[in-house]
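Subject: A structure to look through

Hello,

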Amino acid sequence: MDQSLLDSLRVVALPTKTNFRGIKIREVALFKGEYGWAEFSPFLEYEDAECAPWLACAIEAATKPRPKLFRSTINVNGTIPAIDDEKEISKIVDLYPGVKTFKIKVGDNTELDLARIKAVRSLRPDSAIRVDVNGAWTVDQAVSFLKLAGEIEYIEQPCASVEELRELKKRIDVKIAGDEVIRKAVDPFALDLNGVVDILMLKVQPLGGIKRIHNLIDHHKLPVVVSSALESAIGIDYGLVLAGSINHLDYGCGLATGSLLAKDVANISIVSGQMEISSPTPIFDGLDVSIERFEWWKNRIMRTAELL
Ligand SMILES: [Mg+2]
């Protein structure tokens with residue numbers, strides 16, 4: 001990768017408002033190229049090989065012109081982490097003004113999962129509910145859960161493997177969205193998703209950027225939802241650009257996770273359940289990491305760049 005990108009590197013530590021997949025501080029690397037700021041933010045535990053598409057995406061964002069857009073505002077869903085305290089759930093729901101869909105993390109404990117869904121439904125009775133299982137269940141567990149859960153817009157990654165998803169799909173009417181099955185595949189183009197999932201869950205960084213995702217959509221020919229990975233406003237904006245560049249976008253997108261951060265490098269507000277593409281300029285005020293963490297990220301980027 002071009003040295004000028006590395007020269008612009010900043011690494012920030014963003015505190016979260018609530019525990020999200022065990023994270024209370026989200027570190028992200030940002031660099032700037034001819035076409036603006038870009039984000040590289042694979043989670044800390046990822047091996048370099050898994051970081052490669054994230055870096056390809058960031059380089060694309062910094063160095064390539066934005067694609068043609070079909071819309072500049074995107075309908076978003078609220079994301080509810082696996083939290084159980086009703087007051088905390090209520091606070092999180094309030095972070096998403098006008099949002100018509102909530103994605104609720106489930107999978108660890110059926111009783112608590114159902115109580116979480118019930119709490120969100122009672123706070124926003126008119127909203128659609130989708131659940132994300134992160135591949136935690138067997139086929140039977142997914143079938144039993146759906147019998148108890150009421151109306152569900154779709155279930156995201158209920159089981160881990162392609163074989164289980166295929167089996168489950170024969171047994172339920174609720175739509176299935178594939179996330180990890182696509183994102184963690186060695187080659188997402190080699191998957192046969194026919195009879196496996198109804199919806200592609202697409203995240204711009206882990207899938208290697210906008211151009212590659214357009215190719216993936218053309219290849220699989222399924223409806224899509226754009227989502228995110230607890231990114232800063234820079235990464236979220238690039239996800240909004242992806243969502244804006246997709247001709248047929250039928251579902252609210254999981255791009256409102258910035259609401260879960262206590263601090264961010266920019267603010268993209270949610271207005272009437274929508275977010276706007278804005279190419280924000282980051283403000284680094286007091287958010288930069290220590291020299292040691294900066295060097296860790298810089299080395300990670302240089303190692304990962306060798307794999308591209
Ligand atoms: Mg997911």
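A residue is called buried if 20 or more other C-beta atoms lie within 10 Å of its own, exposed if 12 or fewer do, and partly exposed in between, with the C-beta atoms placed from the backbone. Please bear in mind that this is a predicted model, in which local features need pLDDT of at least 70 and side-chain atom pairs count only at pLDDT 80 or more, while totals for chains, interfaces and linings use all residues. Residues are numbered from 1 along each chain as its sequence is written.

With that definition in hand, Gln157 counts as buried because it has 25 C-beta neighbours inside 10 Å. Gln157 sits in the loop between strand S8 (154-156) and helix H6 (162-171), where helices (H or I, at least four residues) and strands (E, at least two) are DSSP runs numbered from the N terminus. Although Gln157 is not a glycine, its phi is positive, at about 40 degrees. Most residues other than glycine have a negative phi.

Lys221 also has a positive phi without being a glycine, in this case of about 50 degrees. Its place is the loop between helix H8 (210-220) and strand S11 (224-227), and with 9 C-beta neighbours inside 10 Å, Lys221 counts as exposed. Within helix H8 itself you will find His219, which is partly exposed, as 14 other C-beta atoms lie within 10 Å.

The protein chain is divided into domain 1 (3-65 + 285-305) and domain 2 (73-276), with bounds that come from an automatic or database domain assignment. The centres of the two domains, taken over C-alpha atoms, are separated by 23 Å. Their contact takes 23 residues from domain 1 and 24 residues from domain 2, two residues being in contact if their C-beta atoms, placed from the backbone, lie within 7 Å. On the side of domain 1 that touches domain 2, the elements that give two or more residues are strand S1 (10-20), strand S2 (23-33), strand S3 (36-40) and H2. The largest share of that side, 8 residues, comes from S1.

What does the largest nonpolar core look like, and which residues have the most contacts inside it? It has 86 residues, and those with the most contacts inside it are Ala58, Leu242 and Leu255; a nonpolar core here is a set of buried Ala, Val, Leu, Ile, Met, Phe, Trp, Tyr and Cys residues joined through C-beta atoms within 7 Å. Helix H2 (residues 48-63) gives the most to this core, with 9 residues, and the core draws at least three residues from each of domain 1 and domain 2. Leaving aside residues up to four places away in sequence, Ala58 touches Phe31, Ala38, Glu39 and Phe40.

Finally, H2 and helix H10 (residues 291-305) pack at an angle of about 85 degrees, with their axes 9 Å apart; the axes are lines fitted to C-alpha atoms, for helices over the stretch in contact, and angles run from 0 to 180 degrees between N-to-C directions. That angle makes H2 roughly perpendicular to H10, since angles of 65 to 115 degrees count as roughly perpendicular, those under 35 as roughly parallel, those over 145 as roughly antiparallel and the rest as oblique. The contact is made by Asp48, Cys51, Ala52 and Leu55 of H2 and by Arg300, Ile301, Arg303, Thr304 and Ala305 of H10.

Best wishes
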